Amino acid sequence: MAFTIRQLQFFIAVAEQGTVSGAAQNLSISQSSVTEAIKELESDLGVELFERHPRGLNITHKGHQFLRHATKILADVSDARRSFSGEQAVAGGRLQLGVTSLVAGYVLSDLLARYRRAYPGVEVSAIEDNGDYLEHLLIGGKLDIAVMVTSNLRDRTALQSEILEVSAYRLWLPLGHPLASADIISIGDIASETLIMLTVDEIEENTGKLLTAIGAKPHVAFRTRSVEAVRSLVATGAGVALLPDLVYRPWSLEGDRIESRDISGSLPVVQVGMVWRRGSGLPQAARDFIGLAQSQRTVRQRP
């Protein structure tokens, strides 16, 4: 029996929440319905999508590979629905986008691919830079929209934003690290650990604030702007990392496993969203981009 759209929605919800109960709550359905859907999906595919453990579920390597396919399938279904909803793709026009480093490969890539399919006649140009400079370009009318971290937006009077995703910080660990088996991990437990520090957007600033709050000075072994470098260094035991769940993947490029664990206490979150100049008359191409991004934000939440 072929898998269904409903099963894909349930699978994505479990992958995002990490527990069946969390997925069921997010989807407003019973846990048994989610559990049965995942079992049927695994049976149909002939692979294990999740590793079961007392605290919840860890997505497997095969599950991680299938997650990209499932997300794309749901996005394509959404595109198909939109094509018959009376919305007409603009014949032409131009869209000027900005993006920050942290979200370029994790939010914008799929969104931009969908936009190009829906509006092939629009000429799209995009630049990657830091948030402050993108704000400057937006206010100056050099960009239509920026997809960026909005939790540290500087000029909220001149700019309007809409959140697409909220991502909590989690601890990244190599396989077999002592903290991976701890029932509760606090910021204090991390104080003595060697850190691999990502230096894009607000990551280093937030990590420093967290450790300073408990009187600890971060012991940083390596600073990098590359998420893939962080993955490889953590996976090989060079240190641990505090990063938003948005960029977590369970495997490094070399195929080594990376564990991710919740941290107790009050931690900041990273908000990713669209930003444009307040009060500006956006071109049709930009308005279409916003509408498509809004539909992508909600497609995973449909039961």
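**Entry 1: the hairpin**

I looked up the bridge partner of R52 in β2, and found L57. Strand β1 (residues 50–53) pairs with strand β2 (residues 56–59) in the antiparallel sense, over four bridges. I took strands (E, at least two residues) and helices (H or I, at least four) as DSSP runs numbered from the N terminus, and I took two strands as paired if DSSP finds at least two bridges between them. Two residues lie between β1 and β2, which form a hairpin.

I note that this is a predicted model, in which local features need pLDDT of at least 70 and side-chain atom pairs count only at pLDDT 80 or more, while totals for chains, interfaces and linings use all residues. Residues are numbered from 1 along each chain as its sequence is written, and side-chain values use heavy atoms, with hydrogens and water left out.

**Entry 2: the annotated region**

I consulted the UniProt record, an unreviewed entry, which places the feature "domain: HTH lysR-type" at residues 3–60. UniProt positions are given in the numbering used here, feature names are shortened, and annotations may be inferred rather than shown by experiment. Over residues 3–60 I read 62% helix and 14% strand, with the end C-alpha atoms 19 Å apart.

I then turned to S28, in the loop between α2 (20–27) and α3 (31–45). S28 is not a glycine, yet its phi is positive, at about 60°. Most residues other than glycine have a negative phi. S28 counts as exposed, at 66% relative accessibility; the classes are buried under 20% relative accessible area, exposed over 50% and partly exposed in between (1.4 Å probe, protein chains only).

**Entry 3: aromatic rings**

I found six aromatic pairs in the structure. Rings of Phe, Tyr and Trp (its six-membered ring) pair if their centres lie within 6.5 Å; planes under 30 degrees apart count as stacked, over 60 as edge-to-face and the rest as tilted.

The F3 and F66 rings have centres 5.7 Å apart and planes at 80°, so I recorded the pair as edge-to-face. F3 lies in the segment before α1 (5–17) and F66 in helix α4 (residues 61–83), so the pair ties together parts 63 residues apart in sequence. F3 is partly exposed at 29% relative accessibility, whereas F66 is buried at 11%. For Y115 and Y119 the centres are 5.0 Å apart and the planes at 40°, so this pair is tilted. Both Y115 and Y119 are buried. Ring pairs also link F3, F11, F50 and F66 into a cluster.

I checked R257 as well: its charged end sits over the ring of W251, 5.2 Å from the ring centre. The criterion is NZ of Lys or CZ of Arg within 6 Å of the ring centre and within 35 degrees of the ring normal.

**Entry 4: cores and L143**

The largest nonpolar core has 45 residues, of which L95, L102, V103, W172 and F289 touch the most other members. Helix α5 (residues 101–118) supplies the largest share of this core, eight residues. A second, separate core of 21 residues includes I38, I59, A70 and L74. Such a core is a set of buried Ala, Val, Leu, Ile, Met, Phe, Trp, Tyr and Cys residues joined through side-chain atoms within 4.5 Å.

Lastly I examined L143, in the loop between α6 (131–139) and β5 (145–149). L143 is buried, with a relative accessible area of 9%. Not counting residues up to four places away in sequence, L143 touches Q96, L97, G98, I127, L134, L137 and L138, contact meaning heavy atoms within 4.5 Å.
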